[in-house]
Amino acid sequence: MDTQKQTKNSAGAALKNFFLQSYSSAIVAIIVLVLIFAIGTDSFLTQYNLFNLSRTAAIYAFIAGAQLLVAVIGGMNLAVGAVGALSSIVLGLALENAGLSMPVAVLLALLCGAVCGLINGFLVVKLKLSGFIITLAMSFIYDGIALGISHGYPYAVPDSLASLGRTRIGPTSLLFIIMLVFVVILAIFFRNTKFGRDILATGGNEAAAKLSGIKTDFVTIACNTLSCILAALAAVLWSARTGSATSSTGEDWMLYSFAICSIGGISLNGGNFTAVGFFCGAWILTMVRNGLTMLNVDIYYEQAFLGAIILLAVAIESIRNAVASRMR
């Protein structure tokens, strides 16, 4: 009898501990979505579809990572998609027009992202304006430059790059393995490095962080720079996935980046990060888009469904936080 009681108490404690985690709602959402789409369509759990899901989720993770690195300091980057577009054009120009090797072209695309992020961060710090205003303005500039250079012309990428998006690793994709490595690096970075903890401290309370000796201006510039480097990397992976580099790259990235962070239980007010929630957020967004297509839902309503899911995720997380604070 005592053993049964202890087992029951342990199960209850484990369930309570799980509920207190910010990523708990995201994990439950994944389970529910898998059940819904698996029952609703025969092709959702096929090997080919899972391979496609893994490729898309990997790219979404890098897109969201670009937003994450400014969200953790309480900022936002509305230029994520525009930086992706400009970096994609730089990649295409370097490969097709300049005839450079693939590694050099990729480095130039990442350098383009770094310069864009450095400009964003510098303007935020020096002008003392909200990142919302700065990155909104810069998004028009970056998009305009990408369109002006390319005139909407798509650049083909070589097979050496395109194969990256087609490579299988067992039942999953190479891009998914890269995603897993990326998420682990983020977890180690925020938990075990001084700079990662400085970023979280700046997002939690910038004034207190500054008083404790953290160079918050440097943190802001660095986070904006890293954010745009990840946007550029996402553009490279997107080009590998689609087989071309175009100025239309990144059109919906701002929505996706915010959606994944919100769904994954990452506060846009700054100061927190959860690797599990981030990973789940990328998968949830991917499964929703894929599942709606397989259920033959009108594609023109997709944005409405995504918006409703983001609102639902934020509402559930708010309720979970309120209940969790009473349980502690």
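## A buried threonine in a loop

Thr 246 sits in a loop of this predicted model. The loop runs between strand 4 (244-245) and helix 12 (253-263). Is Thr 246 buried or exposed? Its relative accessibility is 15%, so Thr 246 counts as buried; the cut-off for buried is under 20%.

What does Thr 246 touch, leaving aside its neighbours within four places in sequence? The contacts are Ala 85, Ser 88, Ile 89 and Pro 154.

## The largest nonpolar core

In soluble globular proteins, nonpolar side chains tend to be buried together. Here, the largest nonpolar core holds 86 residues. Four of them touch the most other members: Leu 68, Phe 190, Phe 273 and Phe 278. Helix 3 (residues 47-71) gives this core its largest share, 12 residues.

Take Phe 278 as an example. Neighbours within four places in sequence are again left aside. Phe 278 is then in contact with several residues, among them Ala 61, Ala 64, Gly 65 and Leu 68. Its contacts also include Phe 182, Val 183, Leu 186 and Ile 260. Phe 273 is another of its contacts.

## Aromatic pairs and a cluster

How many aromatic pairs does the whole structure have? A search finds 13. One is Phe 37 with Phe 44: the ring centres are 5.4 Å apart and the planes stand at 45°, so this pair is tilted. Phe 37 is buried, at 4% relative accessibility. Phe 44 is buried too, at 1%.

Phe 176 and Trp 283 make an edge-to-face pair, because their planes stand at 75°, and the cut-off for edge-to-face is over 60 degrees. Their ring centres are 5.8 Å apart. Phe 176 belongs to helix 8 (residues 174-192) and Trp 283 to helix 13 (residues 275-294), so the pair ties together parts that are 107 residues apart in sequence. Both partners are buried: Phe 176 has 13% relative accessibility, and Trp 283 has 15%.

Aromatic residues also group together. Phe 62, Phe 182, Phe 189, Phe 190, Phe 195, Phe 218, Phe 273 and Phe 278 form one cluster.

## A nonpolar patch on the surface

Some nonpolar residues lie on the surface. Leu 100, Val 104, Leu 108, Leu 111, Val 115 and Ile 119 form a patch there. Together they have about 440 Å² of accessible area.

Where is Leu 111? Leu 111 is in helix 5 (residues 102-127). Its relative accessibility is 49%, so Leu 111 counts as partly exposed; exposed would need over 50%.

Methods: Residues are numbered from 1 along each chain as its sequence is written. This is a predicted model: local features need pLDDT of at least 70, side-chain atom pairs count only at pLDDT 80 or more; totals for chains, interfaces and linings use all residues. Side-chain values use heavy atoms; hydrogens and water are left out. Patches are made of residues with over 30% relative accessible area and no salt bridge: like charges are joined within 9 Å, nonpolar side chains (Val, Leu, Ile, Met, Phe, Trp, Tyr) within 5 Å. Accessible areas come from the Shrake-Rupley method with a 1.4 Å probe; for residues, only the protein chains shown count as cover. A salt bridge is a side-chain nitrogen of Lys or Arg within 4 Å of a carboxyl oxygen of Asp or Glu. Helices (H or I, at least four residues) and strands (E, at least two) are DSSP runs, numbered from the N terminus. Buried means under 20% relative accessible area, exposed over 50%, partly exposed in between (1.4 Å probe, protein chains only). Contact means heavy atoms within 4.5 Å. A nonpolar core is a set of buried Ala, Val, Leu, Ile, Met, Phe, Trp, Tyr and Cys residues joined through side-chain atoms within 4.5 Å. Rings of Phe, Tyr and Trp (its six-membered ring) pair if their centres lie within 6.5 Å; planes under 30 degrees apart count as stacked, over 60 as edge-to-face and the rest as tilted.
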